[in-house]
Amino acid sequence: MKAGLSKRTNKIIVTAIAFIFAVVIVLHHNPLAVQQEENVKKAIACVIIAAAVAVFWRFYDRIVSLPVELWQSRHLIWKLAKNDFKNRYAGSYLGRIWAFVQPVVTVVLYWFVFDYIMNAKKEFLSQGIDVPYLLWLMAGLVPWFYCTEAINNGMTSLLEYSYLVKKVVFKISIIPIIKIIAATFTHLFFVCFMLVVYFVYGYEPSIYLIQLPYYTFCMFMIVLAISYSTCAIVIFFRDLTQIVGIVLQIGMWATPILWNINRFENPLVQTIIKINPFFYIVNGYRSAMYEKTWFWQDFYSTMYFWIVTVVLFGIGAIIFRRLKVHFADVL
């Protein structure tokens with residue numbers, strides 16, 4: 001938002017954008033969908049958008065100040081993120097190589113167990129998925145590794161940089177995004193590694209692959225939104241780190257990463273699974289690599305994901321601003 005615009009003008013602009021989104025959702029029609037289910041999705045989406053706009057008007061200052069600070073400090077954020085990545089494994093013999101060893105070992109281990117011992121490929125062929133299991137597995141694990149690393153690092157960022165939190169002149173709101181950008185560097189390496197495996201299996205470059213940066217951006221935004229809540233709460237409730245670890249462990253198995261959602265024939269069960277916003281990202285990586293579909297073709301999932309992400313970011317901004325004044329006292 002431009003600095004010259006008044007608070008009321010900014011509120012009206014955001015409301016207009018939200019109204020346009022709601023109109024697009026209402027007017028969209030999927031001829032393959034059940035009309036009643038489609039109407040329910042539209043109604044829920046419109047209610048969430050209306051509630052989000054109401055919260056935006058009520059907590060405008062707390063919500064808007066956060067992205068404004070991030071934009072103003074973008075050069076400092078980039079510099080600190082690079083330093084964070086360089087210094088993470090300082091003092092060890094292999095250095096930054098350790099950032100890549102464990103995920104690679106995990107992928108190989110899952111591939112060996114599920115493909116060779118449990119013969120998952122046979123089950124996949126019976127479900128109509130004719131894709132090398134290693135490639136299918138990597139398309140799910142690579143974004144999930146990014147998710148877990150970024151969420152954990154973002155959550156503990158203020159604790160790690162507590163000496164900066166105590167400085168009055170430092171904008172501590174930039175600290176969580178520094179850790180998440182540092183995790184993004186590792187993720188980009190694994191995306192490149194995944195593409196190498198993709199080409200080794202004989203797949204040719206496809207225009208659909210340009211969607212990978214989009215889905216990476218999706219993951220970045222939702223993790224950032226979550227981190228502003230968790231990094232603020234964990235200062236006062238340290239057990240949150242253990243709780244989040246358990247939730248992420250459950251989330252890995254609740255998200256179709258190691259298994260295929262089509263094994264559930266009940267549409268209701270599939271709908272419940274798709275409520276998880278990380279399903280959209282994992283499924284998006286696979287769609288971009290071998291299903292050859294564009295993200296806008298799954299209209300409702302795309303709208304749902306971004307509505308959830310915006311709501312989570314608003315909640316995170318409010319919580320962060322509310323607790324910020326007490327950080328230095330507790331740390």
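The lining of the largest cavity is made of eight nonpolar residues, with no polar and no charged ones. Keep in mind that this is a predicted model. To see that lining, select Pro103, Val104, Val107, Met138, Val142, Phe145, Phe190 and Phe193. The volume they line is about 40 Å³, and a search of the whole structure turns up one cavity of 30 Å³ or more. Now color helix H5 (98-117), helix H7 (133-155) and helix H10 (175-200): each of them supplies at least two of the lining residues.

Next stop: Trp259, in the loop between helix H12 (240-254) and helix H13 (267-274). Is Trp259 buried or exposed? It counts as buried, because its relative accessibility is 13% and the cut-off for buried is under 20%. Show its surroundings and, leaving aside neighbours within four places in sequence, you'll find Trp136, Trp253, Ala254, Phe264 and Ile273 in contact with Trp259. Zoom in on Trp253: its backbone oxygen sits 2.8 Å from a polar atom of the Trp259 side chain.

What does the side chain of Arg321 make a polar contact with? Select Ser65: the two side chains pair up at 3.1 Å. Beyond four places in sequence, the contacts of Arg321 also include Arg62, Leu66, Glu69 and Ser173.

Note on methods:
Residues numbered from 1 in each chain as written. Predicted model: local features only at pLDDT ≥ 70, side-chain atom pairs only at ≥ 80, totals over all residues. Heavy atoms only, no water. 1 Å grid on protein atoms, 1.4 Å probe; cavity = no way out; pocket = protein on both sides within 12 Å on 5 of 7 lines; lining within 4 Å. Points joined across faces, edges and corners; volume = space filled by probe spheres on them. Helix = DSSP H or I, 4+ residues; strand = E, 2+ residues; numbered from the N terminus. Nonpolar A, V, L, I, M, F, W, Y, C, P; charged D, E, K, R; others polar. Polar contact = N/O pair within 3.5 Å; in protein donor to acceptor, adjacent residues only side chain to side chain. Contact = heavy atoms within 4.5 Å. Buried < 20%, exposed > 50% of the residue type's maximum accessible area, 1.4 Å probe, protein only.
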